[in-house]
Amino acid sequence: MAAPLPGKQTASKPTAELSPDEISGQLSQRVRTLRKERGWSLDSLSAACGVSRSMLSQIERGEANPTLAVTVRISQAFGIALGELVEAPISTSSIEVIRADDRTFHYRSDDECRIRTLSPLHLEKDVEFYEVQLHANGKLQSAPHFKGTREFLTVEKGKIELQSGDDTTVLGPGDSASYRVDVPHTIRNAGRGEAFLFLVVIYQN
């Protein structure tokens, strides 16, 4: 087996090595930076995390030390791990990783299916990438999306019946399809066991 290619290593100063003042300063800076990167107002962030606007303003100015519960709610609103709010990065990386066990990216999980988002949550994007697991007899039924929107579907496991408007087809492992989703559309598990597929949604500019 070939050795992995060497890459640039990144590190961050462990939270345990930071003083309380450093942690507070890092937190206020990160909250302010993340909010501005997303183009959110304080009111928008308040609505997303359930923390009052005045408290968020004090946190950003370094005038308040939030409780753990408040900090967790802020990190969840940004879709990042709690530690990322208080760790001081020594260097940055262009690689953004979505871990398999990160439930922040679980878009839906019920008796019909489980959907996991594979594209970053915080980006304004024209393309979205999903991993879909359809349980036996499960289906994913959707109303029309914006005009011009299309989906690309690839079946990894199982048998799928795909309907887009008045058109219907059946797909098996390795099959792919491209279809309109500005009409009613349904992905149904047509097999006996679980079906597993990847879904890409492309919005028209």
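Two strands count as paired if DSSP finds at least two bridges between them; helices (H or I, at least four residues) and strands (E, at least two) are DSSP runs, numbered from the N terminus. This is a predicted model, in which local features need pLDDT of at least 70 and side-chain atom pairs count only at pLDDT 80 or more, while totals for chains, interfaces and linings use all residues. Residues are numbered from 1 along each chain as its sequence is written, and side-chain values use heavy atoms, with hydrogens and water left out.

Select residues 113–117, which form β4. Five of its five residues are buried (under 20% relative accessible area with a 1.4 Å probe, protein chains only; exposed is over 50%, partly exposed in between). In a regular strand the side chains alternate between the two faces of the sheet. Here Cys 113, Ile 115 and Thr 117 point one way, and Arg 114 and Arg 116 the other.

Which residues flank Arg 116? In β5 its bridge partner is Glu 131, and His 106 stands opposite Arg 116.

**The largest nonpolar core.** Select Leu 134, Leu 153, Ile 160, Tyr 179, Ile 187, Leu 197 and Leu 199, the residues with the most contacts inside this 19-residue core. A nonpolar core is a set of buried Ala, Val, Leu, Ile, Met, Phe, Trp, Tyr and Cys residues joined through side-chain atoms within 4.5 Å. β12 (195–202) is among the elements giving two or more residues, and β12 gives the most, with four.

Apart from this core lies another, of 16 residues, including Leu 45 and Cys 49.

**Helix α2.** Select residues 42–49, where Leu 42, Leu 45, Ser 46 and Cys 49 are buried. Seen down the axis of α2, its buried residues fall within an arc of 105° (taken from the directions from the helix axis to the C-beta atoms), so they line one face of the helix. Gly 50 follows α2, with a positive phi near 80°.
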